[in-house]
Amino acid sequence: MMLPTPVQHFFNPRTRLRPYFMNCGESMTTANITRDILHRQIRDKRAPGFQRFHHVTDPLIKRLGLEAELQGHTGCVNCLEWNERGDILASGSDDQHAIIWDPFRHKKLTTMHTGHAANIFSVKFLPHSGDRILVTGAADTKVHVHDLTVKETTHMFSDHTNRVKRIATAPMWPNTFWSAAEDGIIRQYDLRESSKRSEVLIDLTEFCGQLVEAKCLAVNPRDNNYLAVGANGPFVRLYDIRMIHNYRKSMSQSTSAAVHTFCERQKPIPDGAGQYYVAGHLPVKLPDYSNRLRVLVATYVTFSPDGTELLVNMGGEQVYLFDLAFKQRPYTFLLPKKCQSSAGDVQNGKTTNGVSNGIHLPSSHIRFAESKASSGSEFSPHLERIKQQANDAFARQQWTHAIQLYSLGIHQASRNAMLYGNRAAAYMKRKWDGDHYDALRDCLKALTLNPGHLKAHFRLARCLLELKYVAEALECLDDFKGKFPEQSHSSACDALDKDIKAALFSKTESAEDKKNNSSIRFHSFSRKESIPEDELVLRERSFDYKHRYCGHCNTTTDIKEANFFGSKGQYIVSGSDDGSFFIWEKETTNLVRILQGDESIVNCLQPHPSYCFLATSGIDPVVRLWNPRPETDNENGRVVEDMEGAAQANQRRMNADPLEVMLLNMGYRITGLRGVGPDGSDDEDSSEGQVQCRPS
């Protein structure tokens, strides 16, 4: 069965000529589909633009459902890969077989044993090979290259010493590919070379110790010189391949010319060839997570279609989007002075170019500069309705719904301080992992737009305390009292002051660590391993995330993917330990759909390159195909209707005892899992006083 055209997906004969609208709470843009169809028919050159614009839209997402199950594997399906045209799909499994599918006719084209002796974790078509060459990586530490036309293995590489987790390819280099393995090494392969050995491109053990494991990698589709690498720990690394090769070539020439110096050791990676990214709150959380046996590991990295964004599925945490074009430093008070921003650098999220952006947050002082920025109290009627709906949801203690509505308003009015302040209050009430850090970011944004925002300033002090920045919280509260003296003796201020001072007394050891400038932010993952100075500097200079996507759970497997969905990356999709996959709007970060994709765990999600079509797999020995179902289909048994309930359950699962998680994955029901849900207590509840936590 051929896949319907994009027009057939979301029209029936009765509605074909009506413009369609995206509902409030989803996306507020109006699209004139009639005009676009006429242009597509009259002017053929508009067809690619039409396809890109209507590739994946909200009406299609709302109708996404199961089309078919492809059966042929006898074990878990761990990896999926579309060819460039999107007319065939490859899958790899625990059964050590690779299968090539015709997804539109739901049939197998080729089945071959790959020669691996253990689970296959990655499959990739080699670019410009006519879909003839397939590369596989497996748990047997081997990388194999196969000719599908003759069903033969043409190359077998045995250079890795631990499980191979990912393969990456680049259109610019059709004979070259890369592998990431749990021996901590990224290897590069060139099939034109007569040697059967690969080259070590990056050895993470030189930076992170012998316990580091590389889990995933991806090549930027727009600039193939850039390679993203994910490993255990919260940091994601971006490398310039060309710079590394040029550096090593020059070093080799220097050595052959007998140029010797008594300088410091030769660096494996040149300065400027690596850049790190991290969610700003995660390094500080590492000791707490370790104490609870909660592991942070990047299970998947991928670039946006235009190559300007990097998406990371962080195992043990959330999904994060990093902006590679407009980078921002973490909103943290633990950066050493040598890494604080200078003129022309990035400070508190914005490029300064030597000009203050209105907020200064060095560790020695907190000061909010005056500005003429609007407080954002004026709303259009439409935005006023959204704000009121969000406030009503907040009053009903529906924190997630309130956050989504505030996010929708912010997406349409990005310079409105009140919306940022209100969303911060909702984050602080909900208390999911990372919520206090997002609340801190919102408070700082609100104060940038309106330095006189009383509630944002007070909430900022509370966020600092919750994030264990105790001394900074006290300084922020003192600054608040000086700026708003009428509030300085309110019960809320007194209670927060008492909490901060109690925390100061109970955290003497942490305070001593700060005094000695041994910030917890940059501690190694293992006390037995020493971290080189070069690595510490790269971590200190890491950039923060742009967006965070919550609701799924990623704690059980280390191959769980997250991907962009749509030719412009309009949506984000991720698998989950609860057997579902989640779909968010990229810009608002709002969760728009959850579908049941597996009986146990969804690991793989690979969107079709040009259709609203999705392939998924997991623990079940099948590949599932998803596309928009006909408008006449009123029932979709795969839809998870209670999205907020599912997201809350996953937050509890992520904070559960590892034994309880294991029992959950075995099918047992566990009640009262450790973690804070929407009804959990809030430290502010008993200390509101005159400073109200309710939204403005």
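Lys546 and Asp323 meet through their side chains in a salt bridge, 3.7 Å from N to O (a salt bridge being a side-chain nitrogen of Lys or Arg within 4 Å of a carboxyl oxygen of Asp or Glu). Lys546 sits in the loop between helix 16 and strand 27 and Asp323 in strand 22 (residues 319–323), so the bridge ties together parts that are 223 residues apart in sequence; helices (H or I, at least four residues) and strands (E, at least two) are DSSP runs, numbered from the N terminus. Lys546 is partly exposed, at 28% relative accessible area, while Asp323 counts as buried at 12% (buried is under 20% relative accessible area, exposed over 50%, partly exposed in between, with a 1.4 Å probe and protein chains only).

A word on the model: it is a predicted one, with local features needing pLDDT of at least 70 and side-chain atom pairs counted only at pLDDT 80 or more, whereas totals for chains, interfaces and linings use all residues. Residues are numbered from 1 along each chain as its sequence is written, and side-chain values use heavy atoms, leaving out hydrogens and water.

Across the whole structure, the search turns up 41 salt bridges. One of them joins Glu561 to Arg166, at 3.2 Å from N to O. This pair, too, links distant parts of the chain: Glu561 is in the loop between strand 27 and strand 28 (562–565), Arg166 is in strand 12 (residues 164–170), and 395 residues separate them. Both Glu561 and Arg166 are buried. Arg624 bridges to Asp620, with the closest N and O atoms 3.1 Å apart, and both of these residues are buried as well. Shared partners also join Arg163, Lys165, Glu182, Glu213, Lys215 and Asp558 into one salt-bridge network.

Lys165 turns up again over the face of Phe121, 4.7 Å from the ring centre. Likewise, the charged end of Arg294 sits over the ring of Tyr289, 4.3 Å from its centre (the criterion is NZ of Lys or CZ of Arg within 6 Å of the ring centre and within 35 degrees of the ring normal).

Then there are the rings themselves, with 18 aromatic pairs in the structure. Phe394 and Trp399 pair edge-to-face, 5.0 Å centre to centre with 70 degrees between the planes (rings of Phe, Tyr and Trp, its six-membered ring, pair if their centres lie within 6.5 Å; planes under 30 degrees apart count as stacked, over 60 as edge-to-face and the rest as tilted). Phe394 is buried at 6% and Trp399 at 7%. Ring pairs also link Trp82, Phe104, Tyr611 and Phe613 into a cluster.
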